[in-house]
Amino acid sequence: MSGMLQPYRTAVVYQRCGLGTSSKSFPTFQSKTSVDAYGVPSSVTSNSAQYCADLVRKYDHDNYLCIALYPKLLQRTAFALSALNCELARIPDVVSSIDIGLFRYQFWRDSVTSALAGSPPANPICLELYRMRESVNNYWVNRSIDARVQLLRNKVFQTTVELEKYGEETSSCLLYSLATGLGLQSVEVDHCLSHLGKAISLTTLIRAIPSNARQRRCYIPMTTLASSGLSEEDLFRGSTDSSQLDATYELACSARSHIIKAKTMRLELPKSQSSLLYPIFLRTVCLQSYLSQLEKYNFNIFETKLQRKNGLLPLILVTKNALGRL
């Protein structure tokens, strides 16, 4: 029963804070004019915005909760980029061969390039990127696609350094694009967001270990497997012995280290820049919540309770956002 009530409770929390009007799908996007500033019909932009928000809600729920608390302009850009990220991340799960996957990545590369150049294909995500094109940097999007193409071909990480580099070229690149839209372009800001992106990717990898294992895929670095004594076959069988706990613990420690570095570096930035980055850093609340739950279950990634949504997370996010504390 509690699981059935969770979407309702989530909606109630956000509605009371003025963040949505529908318990099924929020936030909602509406336009009062027939044509927007870019000449796109309001019905199209409203539907494309809602499509992106719904896609993120379905495939990246924690991120969805965070973006719902962003300022409106940043929120729309973040939903568009996150929806694109969801589509890119799903490609290995839905294709039957590497060649088909490569075609799909090329489709998105060409579509996004066209959208940002002013000629969007008839795709909701591309229409949103077209509308927000002044806030999106195609260079960072292409770097993210390049990294995913390389992983599709190679399928493994040899070291934790390689995994962290992948995190920077995927999650961090999208954060760089958001920062560019906020007018924040500096080495210090990029370094700060680099650590946040690495933390996001490491935590995402940890959460996805069970589902990847069911499909006989292992993205845990080879050096981590070797140092913990965990074999891929044991992982595919859902092993919960000490080797699996040690491997998960090592990845969790790396993720937590990057969270601490990112938060520390944000506070060292000028106050004006630190304040602008605050909404993006709400994601650290979700990461820390999950890693704390993982520690509670002794880093047993196959604990079924870890696969459930945290029903208290919306309230925690709203409270911390209101207090301005991470």
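Axes are lines fitted to C-alpha atoms, for helices over the stretch in contact, and angles run from 0 to 180 degrees between N-to-C directions. The model shown is predicted: local features need pLDDT of at least 70, side-chain atom pairs count only at pLDDT 80 or more, and totals for chains, interfaces and linings use all residues. Residues are numbered from 1 along each chain as its sequence is written, and side-chain values use heavy atoms, with hydrogens and water left out.

**Figure 1. Overall composition of the protein chain.** The secondary structure comes to 15 helices and 0 strands; helices (H or I, at least four residues) and strands (E, at least two) are DSSP runs, numbered from the N terminus. Of the 326 residues of the protein chain, 52% count as buried, where buried means under 20% relative accessible area, exposed over 50% and partly exposed in between (1.4 Å probe, protein chains only). Contact means heavy atoms within 4.5 Å. Among contacts between residues at least 6 apart in sequence, 68% join residues at least 24 apart.

**Figure 2. Packing of helix 9 against helix 12.** Helix 9 and helix 12 (residues 242-268) pack at an angle of about 155°, with their axes 8 Å apart. This makes helix 9 roughly antiparallel to helix 12; angles under 35 degrees count as roughly parallel, over 145 as roughly antiparallel, 65 to 115 as roughly perpendicular and the rest as oblique. The two helices cross in a left-handed sense, a crossing being left-handed if the near helix is turned anticlockwise from the far one by less than a right angle, and right-handed if clockwise. Residues making the contact include His195, Ala199 and Leu202 of helix 9 and Ala255, His258 and Ile259 of helix 12.

**Figure 3. Surroundings of Ala199.** Ala199 has its place in helix 9 and is buried, with a relative accessible area of 0%. Not counting residues up to four places away in sequence, Ala199 touches Ala255, His258, Ile259 and Leu287. Between Ala199 and Cys253 there are 54 residues of separation in sequence and 9.9 Å in space, C-alpha to C-alpha.

**Figure 4. Packing of helix 14 against helix 15.** Helix 14 (residues 283-296) and helix 15 (residues 313-323) pack at an angle of about 135°, with their axes 10 Å apart. The two helices are therefore oblique to each other, and helix 14 passes helix 15 in a right-handed crossing. Val285, Cys286 and Ser289 of helix 14 make the contact with Leu313, Ile316, Leu317 and Lys320 of helix 15.

Figure 5. A search of the whole structure finds 7 aromatic pairs. Rings of Phe, Tyr and Trp (its six-membered ring) pair if their centres lie within 6.5 Å; planes under 30 degrees apart count as stacked, over 60 as edge-to-face and the rest as tilted. Phe107 is partly exposed, with a relative accessible area of 44%, whereas Trp108 is buried, at 7%. The rings of Phe157 and Tyr219 are also edge-to-face, because their centres are 6.4 Å apart and their planes at 65°. Phe157 lies in the loop between helix 7 (138-154) and helix 8 (160-181) and Tyr219 in the loop between helix 9 (187-214) and helix 10 (222-228), so the pair ties together parts that are 62 residues apart in sequence. Both Phe157 and Tyr219 are buried. Tyr139, Trp140 and Tyr176 form one aromatic cluster. The charged end of Arg266 sits over the ring of Phe281, 5.6 Å from its centre; a charge sits over a ring if NZ of Lys or CZ of Arg is within 6 Å of the ring centre and within 35 degrees of the ring normal.

Figure 6. Thr160 is found in helix 8 and is buried, with a relative accessible area of 16%. Not counting residues up to four places away in sequence, Thr160 touches Pro221, Thr223, Thr224, Glu250 and Ser254. Ser177 also has its place in helix 8 and is buried, with a relative accessible area of 0%.

**Figure 7. Leu184 in its loop.** Leu184 lies in the loop between helix 8 and helix 9 and is buried, with a relative accessible area of 6%. Leu184 and Leu276 are 92 residues apart in sequence and 8.5 Å apart in space, C-alpha to C-alpha. Not counting residues up to four places away in sequence, Leu184 touches Ala179, Val189, Gln273, Leu276 and Leu277.
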